[in-house]
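Welcome, and thanks for taking a look at this one. Please open the model below and keep it in view as you read.

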Amino acid sequence: MDRPPWRRAPAWWAAQRDPVVGDALRLLHAEPAAPWTVAAPAERTGVSRSTLAKRLADLVGEPPLTYLTRWRMTLAADPLVEQESATVADIARSVGYSDPFGFSAAFKRVRGVNPSECSAAPRPWPPRRLSGLPQRAPVRS
């Protein structure tokens, strides 16, 4: 029996069972601010860049760096809303962006609002959920 879409585990969760993709996802989740390229998690999981990119896209539904960007924006959303003293530049650095302008552009592209609008947004926030990304980083051991 099929579960309704809101009752299914997100693709990234199921992909953690894959020996390669699961290891790569754990790396990205554990070190989201690292200066990742596709080559870095591929090398650390013992596969080629093309193998990692294909397997992750097949299992998660998007390429590795697209997933990483969406993950970073998910992590950035909470402090934008909850930490009044945090600046966009502070949050940008915490998720791997040295430039707050690049971070702001990525945040708007992924979340649909500017980070500064997000911090002033009435709760509940976010205005739209990302497809299947967690709100917090569950890292399975």
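## Overall fold

Helices here are DSSP runs of H or I with at least four residues, strands are runs of E with at least two, and both are numbered from the N terminus. By that count, the chain has eight helices and zero strands. Its pattern along the sequence is α-α-α-α-α-α-α-α. Please bear in mind that this is a predicted model.

The chain has 141 residues, and 40% of them are buried. If you take the contacts between residues at least 6 apart in sequence, 58% join residues at least 24 apart.

## Where H2 meets H4

Two packed helices are described by the angle between their axes and the distance between the axes. For helix H2 (residues 19-30) and helix H4 (residues 49-60), the angle is about 90° and the axes are 9 Å apart. Angles of 65 to 115 degrees count as roughly perpendicular, so H2 is roughly perpendicular to H4.

On the H2 side, the contact involves Pro19, Val20, Val21, Ala24 and Leu25, which meet Leu52, Arg55, Leu56, Leu59 and Val60 of H4. Sorted by type, the residues of this contact are nine nonpolar, no polar and one charged.

## Where H5 meets H7

How do the axes of H5 and H7 cross? They come within 10 Å of each other and cross at roughly 100°, so H5 and H7 are likewise described as roughly perpendicular to each other.

From H5, the contact uses Thr69, Arg70, Met73, Thr74, Ala76, Ala77 and Leu80, while H7 brings Phe103, Ala106, Phe107, Arg109, Val110 and Arg111. This contact divides into eight nonpolar, two polar and three charged residues.

In soluble globular proteins, nonpolar side chains tend to be buried together. The largest nonpolar core of this model holds 30 residues, and Leu56, Tyr67, Met73, Tyr97, Phe103 and Phe107 touch the most other members. At least two residues each come from H2, H4, helix H5 (64-82), helix H6 (88-94) and helix H7 (100-111). H5 gives the largest share, with eight residues.

Beyond its neighbours within four places in sequence, Met73 contacts Tyr97, Phe103, Ala106, Phe107, Val110 and Arg111.

Is Glu62 buried or exposed? Its relative accessibility is 13%, and the cut-off for buried is under 20%, so Glu62 counts as buried. Glu62 sits in the loop between H4 and H5.

The Glu62 side chain makes a polar contact with the side chain of Arg70 at 3.3 Å. Leaving out residues up to four places away in sequence, Glu62 touches Leu56, Ala57, Tyr67 and Arg70.

## Two further residues

Glu43 belongs to helix H3 (residues 39-45). With a relative accessible area of 67%, Glu43 is exposed, as the cut-off for exposed is over 50%. Glu43 and Ala24 are 19 residues apart along the chain, and their C-alpha atoms are separated by 9.7 Å.

Ala53, found in helix H4, has a relative accessibility of 26% and counts as partly exposed. Ala53 and Ala39 lie 14 residues apart in sequence, with 9.4 Å from C-alpha to C-alpha. Apart from neighbours within four places in sequence, Ala53 is in contact with Val38 and Pro64.

Methods:
Residues are numbered from 1 along each chain as its sequence is written. This is a predicted model: local features need pLDDT of at least 70, side-chain atom pairs count only at pLDDT 80 or more; totals for chains, interfaces and linings use all residues. Side-chain values use heavy atoms; hydrogens and water are left out. Axes are lines fitted to C-alpha atoms, for helices over the stretch in contact, and angles run from 0 to 180 degrees between N-to-C directions. Angles under 35 degrees count as roughly parallel, over 145 as roughly antiparallel, 65 to 115 as roughly perpendicular and the rest as oblique. Contact means heavy atoms within 4.5 Å. Ala, Val, Leu, Ile, Met, Phe, Trp, Tyr, Cys and Pro count as nonpolar, Asp, Glu, Lys and Arg as charged, and the others, Gly among them, as polar. A nonpolar core is a set of buried Ala, Val, Leu, Ile, Met, Phe, Trp, Tyr and Cys residues joined through side-chain atoms within 4.5 Å. Buried means under 20% relative accessible area, exposed over 50%, partly exposed in between (1.4 Å probe, protein chains only). A polar contact is a pair of N or O atoms within 3.5 Å; within protein, one must be able to donate a hydrogen and the other to accept it, and residues adjacent in sequence count only if both atoms are side-chain atoms.
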